[in-house]
Amino acid sequence: MRITNKTFDVGRNDPCPCGSGLKYKKCCLGKKKAGAEKLRKRFADARRYNIRLKQKADIEGIRKAGRLVVDTLQLVEADIRPGLKTDEINTRVHEFTIRHHAVPAPLNYRGFPKSVCVSVNEVICHGIPGERVLKDGDIVNVDVTTILNGYYADANRTFFVGSPGPDARKIVSVAGECLRKGMAMVKPGNTIGDIGWAIQKHAEGEGCSVVREFVGHGVGFDFHEPPQVPHFGRRGTGPVLIPGMVFTIEPMINLGKKDLYVLEDGWTAVTRDGSLSAQFEQTILVTEKGFESLTPFSL
């Protein structure tokens, strides 16, 4: 499917954008005015927010990039241990990505100096790999974005280093469940606000907080595309979800308060109260009946 500012084009054999699961020719194509009006309403937000829907070939390209992202995270997981420097994680990710004929998207993106974000304990996101050494009981988030054959996929996981304490176990568990609950809200006709509402409700119900300054985003043709996907909000608000949308859901959840500050390097965001922060992220496709993760891993 192709969206422009004024029109939409759907092939006769494409899945109908109304979400029925039927081919377009068997559904809204034959309903003339009523069908056309239904399609216009479904596409209205995509046009308004400049959301670029993905076609079958695009989805397969993102899916292949996503498999490489997941393989990269599995490689990292096997290496995580006390005594490991965060820069060693960067080297591992960079070399693995290049060896598979792909490009690490973070490297030199708006001046970011490394190939992966590595965020330890109180670091919420955008941690720059360096000389910091992982210690027993730490938690570490590794955020991988890979470009393969021109397509982007993005995912991250938070890992335990050695033996985690109760606070580490809690925040990692809550963050993982937040992603699960956010993904469960993805289906045609729901809204971006439904995703944030579900995440915020769970996090705050567990006595944790949701970071506001950083959000999920469209992905696939570029690193960051419309729409933005806040991890807080109200049901029924924001762009309506339609098949072909691809975006990340990546809630950043703090054990303490939601407030943060960014270090002098201009990238590293940390909790203002020094509390632990955890995050999980997957790249999600809106399908005719629900969603598919293009970077699937167990939560």
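## Strands that pair

Two strands are counted as a pair if DSSP finds at least two bridges between them, and strands themselves are DSSP runs of type E with at least two residues, numbered from the N terminus. With that in hand, one can turn to this structure, which is a predicted model, and begin with strand 16, which a hairpin joins to strand 17 through 4 residues. Strand 16 and strand 17 run antiparallel and are joined by 3 bridges; within this pairing, Leu 285 has Glu 292 of strand 17 as its bridge partner.

Strand 16 also pairs with strand 11 (residues 246-249), again in the antiparallel sense, this time over 4 bridges. In that pairing, Ile 249 finds its bridge partner in Gln 282 of strand 16.

## The covered strand

How many of the residues of strand 16 are buried? Strand 16 spans residues 282-286 and is mostly covered, with 5 of its 5 residues buried. In a regular strand the side chains alternate between the two faces of the sheet. For strand 16, Gln 282, Ile 284 and Val 286 lie on one side, while Thr 283 and Leu 285 lie on the other, and with every one of these residues buried, both faces of the strand are covered.

## Salt bridges across the chain

The count of salt bridges in the model comes to 13. Glu 292 counts as partly exposed, since its relative accessibility is 26%. Glu 292 and Arg 63 also belong to a network of salt bridges that links them with Glu 60 and Arg 67.

A second salt bridge is formed by Lys 114 and Asp 87, whose closest N and O atoms are 2.8 Å apart.

Lys 181 and Glu 177 form a salt bridge in which the closest N and O atoms are 3.6 Å apart. Both residues lie in helix 4 (residues 166-184), where they are 4 residues apart, or about one turn of the helix. Lys 181 counts as partly exposed, its relative accessibility being 33%.

Lys 85 is found in the loop between helix 2 and helix 3, and at 33% relative accessibility it counts as partly exposed. Which residues does Lys 85 touch, if those up to four places away in sequence are not counted? They are Gly 130, Glu 131, Arg 132 and Val 133. With Glu 131 there is a polar contact between the two side chains, at 2.7 Å, and the C-alpha atoms of Lys 85 and Gly 130, which are 45 residues apart along the chain, are separated by 6.9 Å.

Val 240 lies in the loop between strand 10 (225-229) and strand 11 and is also partly exposed, with a relative accessibility of 24%. Apart from neighbours within four places in sequence, Val 240 is in contact with Asp 45, Gly 189, Asn 190, Thr 191 and Met 245. The C-alpha atoms of Val 240 and Pro 188 are separated by 7.5 Å, although these residues are 52 residues apart along the chain.

## The largest pocket

The largest pocket holds about 530 Å³ of space. It is lined by 24 residues, and those closest to its centre are Tyr 109, His 126, Phe 214, His 217 and His 224. Strand 6 (139-148), strand 9 (216-218) and strand 10 are the elements that give two or more residues to this lining, and the largest share, 3 residues, comes from strand 6.

Key: Residues are numbered from 1 along each chain as its sequence is written. This is a predicted model: local features need pLDDT of at least 70, side-chain atom pairs count only at pLDDT 80 or more; totals for chains, interfaces and linings use all residues. Side-chain values use heavy atoms; hydrogens and water are left out. A salt bridge is a side-chain nitrogen of Lys or Arg within 4 Å of a carboxyl oxygen of Asp or Glu. Buried means under 20% relative accessible area, exposed over 50%, partly exposed in between (1.4 Å probe, protein chains only). Contact means heavy atoms within 4.5 Å. A polar contact is a pair of N or O atoms within 3.5 Å; within protein, one must be able to donate a hydrogen and the other to accept it, and residues adjacent in sequence count only if both atoms are side-chain atoms. On a 1 Å grid over the protein atoms alone, a cavity is a set of points where a 1.4 Å probe fits but cannot get out, and a pocket is an open set with protein on both sides within 12 Å along at least five of seven lines; lining residues have an atom within 4 Å of a point. Grid points are joined across faces, edges and corners, and a volume is the space filled by probe spheres set on the points.
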